[in-house]
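Let's walk through this fold piece by piece, from helix pairs to the sheet and on to the ligand. Keep the viewer open as you read.

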Amino acid sequence: MIYEGSVFRPPSEARSLIIQVTIGCRHNQCTFCSMYKDKVFRVRGREEIRQDLEEMSQYYGREPLRIFLADGDALTLDTGLLLEILSWIHELFPLCQRVTAYGTAGDVLKKSPEDLSTLKEAGLAMVYLGAESGDDHILRHVRKGLCAEDMIRASEMLKKAGILLSLTLISGLGGRARLREHALLSADLVTRIKPDYLGFLTLMLAKGSVMKEEVNSGAMELLLPGEVLTEQKLFLSHVDAEGTIFRANHASNYVNLRGVLNRDIPAMIKQIEQAEMMEAYKPEGWRGL
Ligand code: SF4
(Lines give C-alpha, C1' and ligand atoms only; values in the text may rest on other atoms or scores of the structure.)
Protein backbone atom coordinates (compact mmCIF):
# COMPACT_ATOMS: atom_id res chain seq x y z
CA MET A 1 0.00 0.00 0.00
CA ILE A 2 1.38 3.39 -0.94
CA TYR A 3 -0.12 6.51 0.59
CA GLU A 4 -0.97 9.30 -1.82
CA GLY A 5 0.63 12.58 -0.65
CA SER A 6 0.92 13.58 3.01
CA VAL A 7 -1.41 11.76 5.39
CA PHE A 8 -2.85 13.41 8.52
CA ARG A 9 -4.58 11.89 11.52
CA PRO A 10 -5.68 13.03 14.97
CA PRO A 11 -3.08 12.57 17.75
CA SER A 12 -5.19 9.83 19.33
CA GLU A 13 -4.95 7.75 16.15
CA ALA A 14 -1.16 7.54 16.31
CA ARG A 15 -1.26 3.74 16.54
CA SER A 16 -4.12 3.18 14.12
CA LEU A 17 -3.90 1.69 10.67
CA ILE A 18 -4.72 4.56 8.30
CA ILE A 19 -6.68 3.75 5.17
CA GLN A 20 -7.22 6.50 2.60
CA VAL A 21 -10.79 6.34 1.33
CA THR A 22 -10.64 9.85 -0.11
CA ILE A 23 -7.70 11.85 -1.35
CA GLY A 24 -7.64 15.37 0.08
CA CYS A 25 -10.56 17.39 1.39
CA ARG A 26 -13.65 18.20 -0.67
CA HIS A 27 -13.97 21.68 0.88
CA ASN A 28 -10.25 22.51 0.95
CA GLN A 29 -10.88 26.25 1.41
CA CYS A 30 -10.24 27.00 5.09
CA THR A 31 -7.73 29.84 5.10
CA PHE A 32 -5.68 28.49 8.04
CA CYS A 33 -5.38 24.95 6.67
CA SER A 34 -2.75 23.81 4.23
CA MET A 35 -3.04 20.07 4.86
CA TYR A 36 -4.43 19.06 1.49
CA LYS A 37 -3.54 22.00 -0.70
CA ASP A 38 -1.28 19.78 -2.81
CA LYS A 39 -4.08 17.34 -3.60
CA VAL A 40 -6.99 17.39 -6.01
CA PHE A 41 -9.94 15.93 -4.16
CA ARG A 42 -11.35 12.57 -5.19
CA VAL A 43 -13.09 9.61 -3.65
CA ARG A 44 -10.92 6.55 -4.17
CA GLY A 45 -12.28 3.71 -6.24
CA ARG A 46 -13.81 0.82 -4.28
CA GLU A 47 -11.32 -1.65 -5.84
CA GLU A 48 -8.36 0.48 -4.68
CA ILE A 49 -9.74 0.61 -1.13
CA ARG A 50 -10.49 -3.13 -1.07
CA GLN A 51 -6.97 -3.82 -2.36
CA ASP A 52 -5.37 -1.75 0.45
CA LEU A 53 -7.46 -3.53 3.07
CA GLU A 54 -6.61 -6.96 1.66
CA GLU A 55 -2.91 -6.10 1.56
CA MET A 56 -2.86 -4.77 5.12
CA SER A 57 -4.87 -7.73 6.42
CA GLN A 58 -1.93 -9.97 5.53
CA TYR A 59 0.10 -8.11 8.18
CA TYR A 60 -2.49 -6.99 10.72
CA GLY A 61 -5.52 -9.17 10.02
CA ARG A 62 -5.16 -11.06 13.30
CA GLU A 63 -4.28 -8.07 15.49
CA PRO A 64 -6.60 -6.14 17.80
CA LEU A 65 -6.02 -2.88 15.95
CA ARG A 66 -7.86 0.38 15.31
CA ILE A 67 -8.52 1.74 11.83
CA PHE A 68 -8.75 5.41 10.86
CA LEU A 69 -10.37 6.37 7.55
CA ALA A 70 -8.54 9.27 5.87
CA ASP A 71 -8.15 11.79 4.24
CA GLY A 72 -9.95 14.97 5.22
CA ASP A 73 -13.59 13.98 5.27
CA ALA A 74 -14.36 10.30 4.87
CA LEU A 75 -18.03 10.94 5.64
CA THR A 76 -18.36 12.58 2.25
CA LEU A 77 -18.53 9.03 0.85
CA ASP A 78 -21.86 7.67 -0.20
CA THR A 79 -23.35 5.73 2.74
CA GLY A 80 -23.50 2.54 0.64
CA LEU A 81 -19.75 2.65 -0.05
CA LEU A 82 -18.97 3.43 3.59
CA LEU A 83 -21.05 0.42 4.66
CA GLU A 84 -19.23 -1.77 2.16
CA ILE A 85 -15.85 -0.58 3.53
CA LEU A 86 -16.97 -1.27 7.10
CA SER A 87 -18.09 -4.78 6.15
CA TRP A 88 -14.71 -5.43 4.47
CA ILE A 89 -12.98 -4.29 7.65
CA HIS A 90 -15.17 -6.66 9.67
CA GLU A 91 -14.33 -9.52 7.28
CA LEU A 92 -10.57 -8.88 6.95
CA PHE A 93 -9.82 -7.57 10.46
CA PRO A 94 -12.11 -9.58 12.75
CA LEU A 95 -10.30 -8.26 15.84
CA CYS A 96 -10.58 -4.58 14.83
CA GLN A 97 -11.47 -2.62 17.96
CA ARG A 98 -12.85 0.51 16.39
CA VAL A 99 -13.14 2.47 13.15
CA THR A 100 -13.01 6.26 13.19
CA ALA A 101 -12.90 9.04 10.59
CA TYR A 102 -12.69 12.78 10.05
CA GLY A 103 -16.01 14.26 9.01
CA THR A 104 -17.24 17.76 8.31
CA ALA A 105 -20.52 18.96 9.81
CA GLY A 106 -21.71 19.57 6.24
CA ASP A 107 -21.23 15.90 5.34
CA VAL A 108 -22.95 14.73 8.52
CA LEU A 109 -25.93 16.98 7.76
CA LYS A 110 -26.26 15.43 4.31
CA LYS A 111 -26.77 11.98 5.89
CA SER A 112 -30.14 10.86 7.22
CA PRO A 113 -30.53 9.75 10.86
CA GLU A 114 -31.05 6.21 9.48
CA ASP A 115 -27.77 6.42 7.50
CA LEU A 116 -25.87 7.38 10.65
CA SER A 117 -27.50 4.67 12.78
CA THR A 118 -26.66 2.06 10.13
CA LEU A 119 -23.06 3.28 9.99
CA LYS A 120 -22.82 3.03 13.77
CA GLU A 121 -24.21 -0.53 13.70
CA ALA A 122 -21.73 -1.41 10.96
CA GLY A 123 -18.83 -0.30 13.17
CA LEU A 124 -18.22 3.45 12.75
CA ALA A 125 -17.36 4.25 16.36
CA MET A 126 -16.27 7.89 16.34
CA VAL A 127 -16.15 10.97 14.11
CA TYR A 128 -13.61 13.79 14.51
CA LEU A 129 -15.36 17.02 13.67
CA GLY A 130 -13.38 20.23 13.21
CA ALA A 131 -15.60 22.99 14.60
CA GLU A 132 -12.61 25.36 15.01
CA SER A 133 -14.68 28.12 16.70
CA GLY A 134 -18.12 28.91 18.02
CA ASP A 135 -17.90 32.41 16.58
CA ASP A 136 -19.71 32.72 13.23
CA HIS A 137 -17.71 35.83 12.40
CA ILE A 138 -14.50 33.81 12.63
CA LEU A 139 -16.01 30.84 10.76
CA ARG A 140 -16.96 33.17 7.88
CA HIS A 141 -13.56 34.83 7.97
CA VAL A 142 -11.69 31.51 7.71
CA ARG A 143 -14.08 30.29 4.97
CA LYS A 144 -15.17 27.25 6.93
CA GLY A 145 -18.37 27.15 4.91
CA LEU A 146 -20.41 26.30 8.02
CA CYS A 147 -21.80 28.15 11.02
CA ALA A 148 -21.95 27.24 14.71
CA GLU A 149 -25.56 26.13 14.37
CA ASP A 150 -24.49 23.63 11.67
CA MET A 151 -21.90 22.19 14.10
CA ILE A 152 -24.57 21.84 16.76
CA ARG A 153 -27.07 20.12 14.45
CA ALA A 154 -24.45 17.73 13.05
CA SER A 155 -23.22 16.89 16.56
CA GLU A 156 -26.76 16.15 17.72
CA MET A 157 -27.25 13.79 14.78
CA LEU A 158 -24.03 11.91 15.54
CA LYS A 159 -24.90 11.63 19.21
CA LYS A 160 -28.43 10.42 18.47
CA ALA A 161 -26.93 7.70 16.26
CA GLY A 162 -24.66 6.65 19.13
CA ILE A 163 -21.48 7.67 17.26
CA LEU A 164 -18.87 9.17 19.59
CA LEU A 165 -17.95 12.76 18.83
CA SER A 166 -14.51 14.29 19.08
CA LEU A 167 -14.71 18.04 18.51
CA THR A 168 -11.73 20.25 17.67
CA LEU A 169 -11.25 23.96 18.35
CA ILE A 170 -8.26 26.14 17.45
CA SER A 171 -6.87 28.66 19.93
CA GLY A 172 -5.96 31.98 18.40
CA LEU A 173 -8.07 31.49 15.27
CA GLY A 174 -9.66 34.93 15.58
CA GLY A 175 -6.35 36.66 16.27
CA ARG A 176 -6.18 39.54 18.76
CA ALA A 177 -9.29 41.20 17.39
CA ARG A 178 -11.61 38.28 18.28
CA LEU A 179 -9.88 36.77 21.32
CA ARG A 180 -12.79 37.35 23.67
CA GLU A 181 -15.55 36.39 21.22
CA HIS A 182 -13.67 33.24 20.17
CA ALA A 183 -13.26 32.10 23.78
CA LEU A 184 -16.82 32.88 24.91
CA LEU A 185 -18.70 31.70 21.83
CA SER A 186 -16.59 28.52 21.67
CA ALA A 187 -17.41 27.87 25.34
CA ASP A 188 -21.08 28.33 24.46
CA LEU A 189 -20.74 25.94 21.50
CA VAL A 190 -19.13 23.23 23.61
CA THR A 191 -21.67 23.77 26.39
CA ARG A 192 -24.48 23.19 23.90
CA ILE A 193 -22.85 20.19 22.19
CA LYS A 194 -21.21 18.48 25.19
CA PRO A 195 -18.96 16.34 22.96
CA ASP A 196 -17.41 13.12 24.24
CA TYR A 197 -13.95 14.52 23.51
CA LEU A 198 -12.70 18.04 22.94
CA GLY A 199 -9.31 18.77 21.41
CA PHE A 200 -7.96 22.32 21.65
CA LEU A 201 -5.14 22.94 19.19
CA THR A 202 -3.25 26.22 18.88
CA LEU A 203 -3.07 28.02 15.56
CA MET A 204 0.02 27.31 13.48
CA LEU A 205 0.22 28.64 9.96
CA ALA A 206 2.10 26.96 7.18
CA LYS A 207 3.83 28.97 4.49
CA GLY A 208 1.50 29.67 1.63
CA SER A 209 -1.75 29.53 3.62
CA VAL A 210 -4.13 32.44 3.00
CA MET A 211 -4.11 33.33 6.69
CA LYS A 212 -0.33 33.46 6.77
CA GLU A 213 -0.48 36.11 4.06
CA GLU A 214 -3.07 38.02 6.11
CA VAL A 215 -0.69 37.98 9.06
CA ASN A 216 2.27 39.03 6.90
CA SER A 217 0.28 41.96 5.53
CA GLY A 218 -0.71 43.08 9.04
CA ALA A 219 -4.43 42.44 8.43
CA MET A 220 -4.47 39.91 11.26
CA GLU A 221 -2.46 39.82 14.49
CA LEU A 222 -1.48 36.44 15.88
CA LEU A 223 -1.75 35.85 19.62
CA LEU A 224 1.39 35.72 21.72
CA PRO A 225 1.73 32.65 23.98
CA GLY A 226 0.43 34.56 27.03
CA GLU A 227 -2.62 35.70 25.04
CA VAL A 228 -3.35 32.14 23.92
CA LEU A 229 -3.46 31.20 27.61
CA THR A 230 -5.72 34.16 28.40
CA GLU A 231 -8.08 32.89 25.71
CA GLN A 232 -8.00 29.31 27.01
CA LYS A 233 -8.57 30.49 30.58
CA LEU A 234 -11.58 32.52 29.44
CA PHE A 235 -12.90 29.47 27.59
CA LEU A 236 -12.41 27.17 30.58
CA SER A 237 -14.03 29.57 33.02
CA HIS A 238 -17.21 29.77 30.88
CA VAL A 239 -17.65 26.25 29.49
CA ASP A 240 -20.10 23.83 31.09
CA ALA A 241 -19.81 20.33 29.64
CA GLU A 242 -19.80 17.79 32.44
CA GLY A 243 -17.87 14.65 31.50
CA THR A 244 -16.26 15.89 28.25
CA ILE A 245 -12.69 14.64 28.01
CA PHE A 246 -10.57 17.72 27.33
CA ARG A 247 -7.16 17.62 25.66
CA ALA A 248 -4.89 20.54 24.82
CA ASN A 249 -1.74 18.46 24.68
CA HIS A 250 -1.11 18.63 20.97
CA ALA A 251 2.31 19.51 19.57
CA SER A 252 0.95 22.97 18.71
CA ASN A 253 -0.06 23.90 22.27
CA TYR A 254 2.14 26.21 24.37
CA VAL A 255 1.10 24.50 27.62
CA ASN A 256 -0.14 20.92 27.76
CA LEU A 257 -3.49 20.56 29.49
CA ARG A 258 -5.69 17.52 29.96
CA GLY A 259 -8.60 16.70 32.17
CA VAL A 260 -12.29 16.01 32.39
CA LEU A 261 -14.76 18.90 32.22
CA ASN A 262 -16.07 20.32 34.52
CA ARG A 263 -14.29 18.45 37.27
CA ASP A 264 -10.75 19.43 36.31
CA ILE A 265 -11.38 23.03 35.21
CA PRO A 266 -10.05 24.64 38.45
CA ALA A 267 -6.86 22.52 38.28
CA MET A 268 -6.30 23.37 34.60
CA ILE A 269 -6.85 27.10 35.23
CA LYS A 270 -4.35 26.90 38.06
CA GLN A 271 -1.87 25.20 35.73
CA ILE A 272 -2.36 28.01 33.19
CA GLU A 273 -1.81 30.67 35.87
CA GLN A 274 1.40 28.99 36.99
CA ALA A 275 2.65 28.87 33.41
CA GLU A 276 1.74 32.57 32.99
CA MET A 277 3.59 33.49 36.16
CA MET A 278 6.74 31.63 35.14
CA GLU A 279 6.28 32.41 31.42
CA ALA A 280 6.82 28.67 30.95
CA TYR A 281 5.60 28.18 27.40
CA LYS A 282 6.68 25.55 24.90
CA PRO A 283 9.38 27.20 22.74
CA GLU A 284 8.29 28.01 19.17
CA GLY A 285 10.85 25.58 17.76
CA TRP A 286 9.28 22.70 19.67
CA ARG A 287 5.83 23.32 18.32
CA GLY A 288 5.05 21.25 15.29
CA LEU A 289 2.23 19.50 13.51
S1 SF4 B 1 -9.76 22.45 8.02
FE2 SF4 B 1 -10.78 20.54 7.44
S3 SF4 B 1 -12.50 21.20 6.14
FE4 SF4 B 1 -11.07 22.93 6.24
S5 SF4 B 1 -9.75 22.68 4.45
FE6 SF4 B 1 -8.69 21.69 6.18
S7 SF4 B 1 -9.31 19.56 6.06
FE8 SF4 B 1 -10.76 20.71 4.79
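In H1, the residues Arg46, Ile49, Arg50, Leu53, Glu54 and Ser57 meet Leu81, Glu84, Ile85, Trp88, Ile89, Glu91 and Leu92 of H2, where contact means heavy atoms within 4.5 Å. Helices (H or I, at least four residues) and strands (E, at least two) are DSSP runs numbered from the N terminus. Sorted by class, this contact of H1 with H2 has 7 nonpolar, 1 polar and 5 charged residues. For the classes, Ala, Val, Leu, Ile, Met, Phe, Trp, Tyr, Cys and Pro count as nonpolar, Asp, Glu, Lys and Arg as charged, and the others, Gly among them, as polar.

Before going on, a word on what you're looking at: this is a predicted model, in which local features need pLDDT of at least 70 and side-chain atom pairs count only at pLDDT 80 or more, while totals for chains, interfaces and linings use all residues. Residues are numbered from 1 along each chain as its sequence is written, and side-chain values use heavy atoms, with hydrogens and water left out.

Back to the helices. Two packed helices are described by the angle between their axes and the distance between the axes. Helix H1 (residues 46–60) packs against H2 at an angle of about 15 degrees, with the axes 10 Å apart. That makes H1 roughly parallel to H2. The axes here are lines fitted to C-alpha atoms, for helices over the stretch in contact, and angles run from 0 to 180 degrees between N-to-C directions. Angles under 35 degrees count as roughly parallel, over 145 as roughly antiparallel, 65 to 115 as roughly perpendicular and the rest as oblique. H1 passes H2 in a right-handed crossing; a crossing gets that name if the near helix is turned clockwise from the far one by less than a right angle, and is left-handed if anticlockwise.

Now try H6 (residues 148–160) and H7 (residues 179–193), which pack at about 25 degrees with their axes 10 Å apart. That makes H6 roughly parallel to H7, and H6 passes H7 in a right-handed crossing. Ala148, Glu149, Met151, Ile152, Ser155 and Lys159 in H6 meet Leu189, Arg192 and Ile193 in H7. Those residues divide into 5 nonpolar, 1 polar and 3 charged.

Next up are H9 (residues 225–238) and H10 (residues 265–278), with an angle of about 165 degrees and axes 10 Å apart. That makes H9 roughly antiparallel to H10. H9 passes H10 in a left-handed crossing. On the H9 side, the contact is made by Gly226, Leu229, Thr230, Gln232, Lys233, Leu236 and Ser237, and H10 brings Ile265, Met268, Ile269, Ile272, Glu273, Ala275 and Glu276. The tally for the contact of H9 with H10 is 7 nonpolar, 4 polar and 3 charged residues.

What about the sheet? In which order do its strands run? The 8 strands form an open sheet in the order E1-E4-E5-E6-E7-E8-E9-E10, with mixed pairing; two strands pair if DSSP finds at least two bridges between them. E1 (17–20) and E10 (257–260) stand at the edges with a single partner strand each, so one side of each is left without a neighbour in the sheet. Direction ignored, neighbouring strands are turned by 20 degrees against each other on average. Zoom in on E4 (residues 66–70) and E5 (residues 98–102): they pair in the parallel sense over 4 bridges, and Ile67 stands opposite Val99 in E5. H9 packs on this sheet too, touching E7 (164–171), E8 (197–202), E9 (245–248) and E10, and its direction makes about 160 degrees with that of E8. H10 touches E9 and E10, and its direction makes about 165 degrees with that of E10.

The peptide bond from Ala70 to Asp71 is cis, with omega near 5 degrees, and Asp71 is found in the loop between E4 and helix H2 (79–92). Another cis peptide bond joins Leu261 and Asn262, with omega about -10 degrees; Asn262 sits in the loop between E10 and H10. Asn28 isn't a glycine, yet has a positive phi of about 50 degrees. Asn28 lies in the loop between E2 (22–23) and E3 (42–43).

Asn28 also takes us to the ligand, which is surrounded by Cys25, Asn28, Gln29, Cys30, Phe32, Cys33, Met35, Tyr36, Glu132 and Lys144, each with a heavy atom within 4 Å of the molecule. That shell divides into 6 nonpolar, 2 polar and 2 charged residues.
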